Amino acid sequence: THTSRSWDFLGLSRNSPNNLLNKTNQGDGVIIGIWAESEGFNDNGMGPIPSRWKGICKSEGNFNATKHCNKKIIGARWYIKGFMEDMELNQTMLEKNHNLSAIDASGHGSHCASTAAGSYVNNVEYYGFIMGIVREGAPLARLAIYKICWKDGGTAYCNGADVLAGIDDAIKDGVDLLSASIVSHGIPVIAAGGNSGSDSNTISNTAPWVITVAASNSDREIVTPLTLGNNKTILGMFKEEIFGPLITFENITNSEEIKSLTSEVKGKVVMLFFQHQEDIAVSLKILKTIGVLAFIVASSPFTQITIGVSSIPIFYVDLEQGNQIFAIFNNVNPNPTIKLGRSEVVEGQDVVLKVPKFSSRGPNAFAPEILKPDVAAPGVNIVAATLPPKGYNGFQLMSGTSMAAPHVSGIVALLKAAHPHWSPAAIKSVLVTTAWNEDTYKSEIFSEGEGNKIADPFDFGGGICNPNGATDPGLVYDMDKNDYLNYLCSLGYSNDKVYNATTEKSTSSGIICPNEVPSRLDLNLPSISIPNLKNSVTIKRTVTNVGNVNAIYKVVIKPPRNTVIEVSPHILKFDSKTKKISFEVKITSTHQRMSKFTFGSLAWNDGKHLVRIPIAVRKQ
């Protein structure tokens, strides 16, 4: 599950000469702009900074450009005027409470930057585990840092004006891709989908020009056998071997209640139940001072967990496992004991792939015709570089879609190196159409949450990213600025507002939006979402051949439940003169009542490539 493994899981092993990582010289020459002093940012083996780079590293506050910038980190800027105005702060207040420089104050930005393009670090140890070589997606790509978020009272604020100022500078500086939430000037943008799952309609960053990323796990877990007094063993995670008396509390909710337990818990293994990440940190801080033997955290499945430096062993179990332990403690043994065994690494098919509960889900509440998320990538228990005071040996374990998105940024950096002329839309297309899902992966992929189920497009879009498949996709669903202008027009914005947002020149009549705005259903996206199907609807898509010049593709349809799908033409023939072909998709409901969304897929197969897009349909 860690970055010493997650890139291997995605097929980008350092030792495979023919994969995307090595074919692109590990992303050398690509510049990633990201919102982010670690060995993870060393510049060993890197060549000169690209001559086209126009950005700066400026010494300010406690940021020393000579010390903190190198051939890996080639740009660093910060933006605070919007935040300053929002919070009504003067300069004296700013200087007292905030680190006025590009230095990361929380570790989150460093972690994200490291995951996308961190350098090779050998023999990494993390809490007693030898992680081996930790490296990230595009180890020879460069990083430019644009710090636009600030903390106030523990809450992060990212003012819109500061974000836009950072993006403007990133474009002028010459970045090749952005980890942000707006696209401009042909630069791909990768954004986290959010951590508000598993409820529906929680996905964020839903614009069609953004690659919106959900989280998955990968095929490695570190598990610890917890053997109870009745010899029942539960697998949790993770620390050294411990044996001792067990005590559990189900309804402890605040720090004062925990402090009152001092005499009861000293010298024992303590288990507490949690619903919120911040409560874990508060409880740990107290428990460390009162002499507990070990601490078991029972929380929702794959709730975001950030492990800090701790003097006592910490183990994690999900709520179901916690309830099993609690039942045995209360009903079976009046003096229960527990053995916390030595942790083990489980890899490969022994690990069930899933979209974690925290990852935000579709449908897109703003424009449900735009299917979101687009893809998923590893975002559970990711080890990457962090601030020296935090984590362990300069690395920290974090979970969230913020960890998943820079995995995709690293992949996009490699794709940009392999295919520099592909548009942002083409890059999104190849990620979606080649992703791993129920049709293309060797095992089922599940969705955690209420009523665990097989993952569907509202959990992970096209599926989990498959970088090596994406480098040779066969066909792409491409788009240009006119498609995005039509999208903005379809939302009802006036010509003036579209002009202000895009600086697109209007026609001589002052009109950008056409009299008859194309339907959002016809946006040439690598997905189909029909939120209000009445009887039938016909939509249009166009594919561009980027594979063999002479190719014949046949359609493969998996219609959503209670629908019939017809595609015309159902065979696509490409040659030296025919590089683009449009086709129509007619979707007819066979069900008379209103229904929830159901899911299917449409794919084009030439015997080598399976170019698959997800479909979501809801009967009105």
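This is a predicted model: local features need pLDDT of at least 70, side-chain atom pairs count only at pLDDT 80 or more; totals for chains, interfaces and linings use all residues.
The largest cavity has a volume of about 80 Å³. Rolling a probe the size of a water molecule over the atoms shows where empty space is left. The residues that line the largest cavity are Leu-533, Arg-561, Asn-562, Thr-563, Ser-589, His-591, Ser-595, Lys-596, Thr-598, Val-617, Arg-618 and Lys-619. Strand E33 supplies the largest share of this lining, with three residues. Sorted by class, the lining of the largest cavity consists of six polar, four charged and two nonpolar residues.

Side chains of opposite charge can pair when their charged atoms come close. The structure contains 14 salt bridges. One of them joins the side chains of Lys-372 and Asp-374, with an N to O distance of 2.8 Å; Lys-372 and Asp-374 are both buried. Another brings together the side chains of Lys-453 and Asp-459, at 2.7 Å from N to O. In this pair, Lys-453 is partly exposed, since its relative accessible area is 34%, whereas Asp-459 is buried because its relative accessibility is 3%, and buried means under 20%. Lys-453 and Asp-459 also belong to a network of salt bridges that includes Arg-361 and Asp-456.

A further salt bridge is formed by the side chains of Lys-608 and Asp-472, 3.2 Å apart from N to O. This pair connects distant parts of the chain, as the two residues are 136 residues apart. Lys-608 sits in the loop between strand E32 (598–605) and strand E33 (610–619), while Asp-472 sits in the loop between helix H15 (467–470) and strand E25 (475–476). Lys-608 is exposed because its relative accessible area, 58%, is over 50%. Asp-472 has a relative accessible area of 32% and is therefore partly exposed.

Which residues carry the feature "active site" in UniProt? The unreviewed UniProt entry places this feature at Asp-43, His-108 and Ser-402. Asp-43 is found in the loop between strand E1 (31–34) and helix H3 (65–68), and its relative accessibility of 23% makes it partly exposed. Apart from neighbours within four places in sequence, Asp-43 is in contact with Asn-70, Lys-71 and Lys-72. His-108, in turn, belongs to helix H6 (residues 108–117) and is partly exposed at 35% relative accessibility. When residues up to four places away in sequence are not counted, His-108 touches Met-398, Ser-402 and Met-403.

A cis peptide bond, with omega of about 5°, joins Gly-197 and Ser-198. Ser-198 lies in the loop between strand E9 (190–192) and strand E10 (211–216), and the loop between E9 and E10 also holds Asn-205. Although Asn-205 is not a glycine, its phi is positive, at about 55°; Asn-205 is partly exposed, with a relative accessible area of 29%. Another cis peptide bond links Gly-362 and Pro-363, with omega of about 5°, and Pro-363 is in the loop between strand E19 (353–355) and strand E20 (375–378). In the loop between E20 and strand E21 (382–385) lies Asn-381, a residue other than glycine with a positive phi near 55°. Asn-381 counts as buried because its relative accessibility, 8%, is under 20%.

Definitions and conventions:
Residues are numbered from 1 along each chain as its sequence is written. Side-chain values use heavy atoms; hydrogens and water are left out. A salt bridge is a side-chain nitrogen of Lys or Arg within 4 Å of a carboxyl oxygen of Asp or Glu. Buried means under 20% relative accessible area, exposed over 50%, partly exposed in between (1.4 Å probe, protein chains only). Helices (H or I, at least four residues) and strands (E, at least two) are DSSP runs, numbered from the N terminus. UniProt positions are given in the numbering used here, feature names are shortened, and annotations may be inferred rather than shown by experiment. Contact means heavy atoms within 4.5 Å. On a 1 Å grid over the protein atoms alone, a cavity is a set of points where a 1.4 Å probe fits but cannot get out, and a pocket is an open set with protein on both sides within 12 Å along at least five of seven lines; lining residues have an atom within 4 Å of a point. Grid points are joined across faces, edges and corners, and a volume is the space filled by probe spheres set on the points. Ala, Val, Leu, Ile, Met, Phe, Trp, Tyr, Cys and Pro count as nonpolar, Asp, Glu, Lys and Arg as charged, and the others, Gly among them, as polar.
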